[in-house]
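This report describes the architecture of a protein for a reader who is new to structural analysis. Please examine the sequence and the structure below before reading on.

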Amino acid sequence: MSRAARAVIDLSALRHNLQQVRRAAPQQQLIAVIKADAYGHGIVAVAQALADADVFGVACLEEALSLRAAGIDKSILLLEGFFHADELPLIRHHKLQIVVHDERQLDVLASLSPQACSIPAWLKVDTGMHRLGISPQAVPAAWQRLAACPAVAPLLGLMTHLANADDGDDGFTRKQLDCLASVRTDRSIPVSIANSAGILAWPASHGDVVRPGIMLYGVSPMLGECGAQRNLRPVMTLYSELISIRQCKKGDAVGYGGSWVCPEDMPVGVVAMGYGDGYPRHAPSGTPLLVNGRRAALIGRVSMDMICVDLRGQPGAAVGDPVTLWGNGLPAEEIAVCASTIAYALFCGVTCRVKKETIDG
Ligand SMILES: Cc1ncc(COP(=O)(O)O)c(C=O)c1O
């Protein structure tokens with residue numbers, strides 16, 4: 001076996017987390033958000049494991065095509081719709097659903113002639129995030145225009161995205177919900193609002209269709225929480241091994257820049273994991289990792305291929321021993337806080353050098 005860095009993807013944890021979404025939103029349809037290679041977990045393996053989802057949500061045509069090429073025939077929604085008109089023949093051919101968030105997309109759709117296969121579409125409303133979406137006052141006319149497009153059917157409903165739902169006390173979510181309610185003049189029009197944070201903390205956002213992403217991967221979207229507090233299980237565990245152990249002297253500086261200096265004679269381990277694998281470059285000394293399942297602390301700067309670990313308190317540690325960087329026993333949320341980032345970015349940042357292995361159960 002060569003370099004030990006690997007990400008183990010637990011498909012049973014993924015299915016368990018899907019059940020937690022169903023428990024939290026039992027009446028709703030479920031769009032499993034598997035964009036960005038399923039948040040770095042591997043889009044095809046994740047889609048196959050999430051056969052119980054109603055729809056898959058992806059960011060672009062290429063992601064949808066990779067699912068179709070793998071034989072996945074479930075409904076797929078392009079969460080940003082199409083970027084250029086030349087994508088539309090493939091969108092039709094592969095029976096993809098789209099989100100329409102911009103008047104320019106409406107112009108293109110209005111110019112299409114009807115064909116045997118029409119395009120199902122959500123209309124996205126900007127209820128205050130000011131990222132994608134039609135402004136609330138323009139929604140009635142946009143909805144009429146979309147309904148009149150001969151190539152578009154059915155209209156799936158009104159969609160919006162929550163900006164601050166990860167803070168259960170933030171009143172802005174309530175404003176966004178009120179805004180969407182004000183443009184939904186016909187109560188029979190379905191709505192889709194909730195991301196993971198909406199699902200867990202804002203029942204009023206559940207609407208008709210929920211769109212979980214990060215909670216499927218075992219992470220709590222709520223500020224200051226870990227997934228276990230929501231009965232979620234980590235799906236990705238990032239592992240490597242100790243590749244060297246040095247006995248350093250008091251005063252020895254460890255790693256680039258010598259930013260960490262040994263306070264006493266001590267063993268220092270070297271782990272085959274670095275920013276070239278996606279481990280965050282800004283993780284500071286003190287960031288936890290597990291050596292043989294026991295907590296230890298990162299010391300010194302993260303290098304491209306290696307990190308160093310304080311092995312005081314790990315007397316039996318030996319070269320070849322397993323090291324967990326995040327996942328089982330060490331929440332990715334905790335590492336993300338240390339490195340001033342979010343678990344989403346940790347997962348998406350794991351590079352192709354890291355072997356992905358799936359396990360089930
Ligand atoms: C439109 C949309 N819906 C749902 C999600 C899922 O969000 P989360 O991963 O926070 O559940 C995303 C993710 O960014 C998104 O862009």
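The model discussed here is predicted.

Apart from neighbours within four places in sequence, glycine 255 is in contact with Trp260, Gly300, Arg301, Ser303 and Cys308. Cysteine 226 is 29 residues away from glycine 255 along the chain, and 31 Å separate the C-alpha atoms of the two.

## Overall form

The protein has 361 residues, of which 45% are buried. Its secondary structure consists of 11 helices and 18 strands. Along the principal axes, the C-alpha atoms occupy a box of roughly 75 × 45 × 35 Å.

Contacts can also be described by how far apart the partners are in the sequence. Of the contacts between residues at least 6 apart in sequence, 63% join residues that are at least 24 apart.

## Two domains

The domain assignment divides the protein into domain 1 (11-220) and domain 2 (236-359). Taken over C-alpha atoms, the centres of domain 1 and domain 2 are 37 Å apart. At their meeting point, 11 residues of domain 1 are in contact with 10 residues of domain 2.

On the domain 1 side of this contact, helix α2 (residues 35-40) gives the most, with 3 residues. The side of domain 1 that touches domain 2 comprises 7 nonpolar and 4 polar residues, with no charged residues.

Strand β16 (residues 307-310) is covered on both faces. Ile307 and Val309 are buried on one side, while Cys308 and Asp310 are buried on the other. In general, the side chains of a regular strand alternate between the two faces of the sheet. Strand β13 (residues 266-271) pairs with β16 in the antiparallel sense over 4 bridges, and valine 270 stands opposite cysteine 308. Strand β15 (residues 294-299) is also antiparallel to β16 and is joined to it by 3 bridges. Here leucine 298 has valine 309 as its bridge partner.

Strand β15 has a further antiparallel partner in strand β14 (residues 288-291), with 4 bridges between them. Leucine 289 stands opposite alanine 296 in this pairing. β14 and β15 form a hairpin with 2 residues between them, and asparagine 292 in the turn has a positive phi of about 50 degrees. β14 is in turn joined by 2 bridges to strand β17 (residues 322-326), and this pair runs antiparallel. The bridge partner of leucine 290 in β17 is threonine 324.

## The nonpolar core

Which residues touch the most other members of the largest nonpolar core? They are Leu78, Leu123 and Val309, in a core of 111 residues. Helix α1 (residues 11-24) gives the most to this core, with 5 residues. Domain 1 (11-220) and domain 2 (236-359) each supply at least three residues to this core. Nonpolar side chains in soluble globular proteins tend to be buried together.

Beyond residues up to four places away in sequence, leucine 123 touches Val100, Ile134, Ala142, Trp143, Leu146, Leu158 and Met159.

## Alanine 332

Alanine 332 belongs to helix α10 (residues 332-338). Why is alanine 332 classed as buried? The reason is that 27 other C-beta atoms lie within 10 Å of its own. Leaving aside residues up to four places away in sequence, alanine 332 touches Val219, Pro234, Trp326, Gly327, Ala343 and Leu346. The C-alpha atoms of alanine 332 and cysteine 352 are 19 Å apart, and the two residues are 20 residues apart along the chain.

Key:
Residues numbered from 1 in each chain as written. Predicted model: local features only at pLDDT ≥ 70, side-chain atom pairs only at ≥ 80, totals over all residues. Buried ≥ 20, exposed ≤ 12 C-beta atoms within 10 Å, placed from the backbone. Contact = placed C-beta atoms within 7 Å. Domains from an automatic or database assignment. Nonpolar A, V, L, I, M, F, W, Y, C, P; charged D, E, K, R; others polar. Pairing = 2+ DSSP bridges. Core = buried A, V, L, I, M, F, W, Y, C linked by C-beta atoms within 7 Å.
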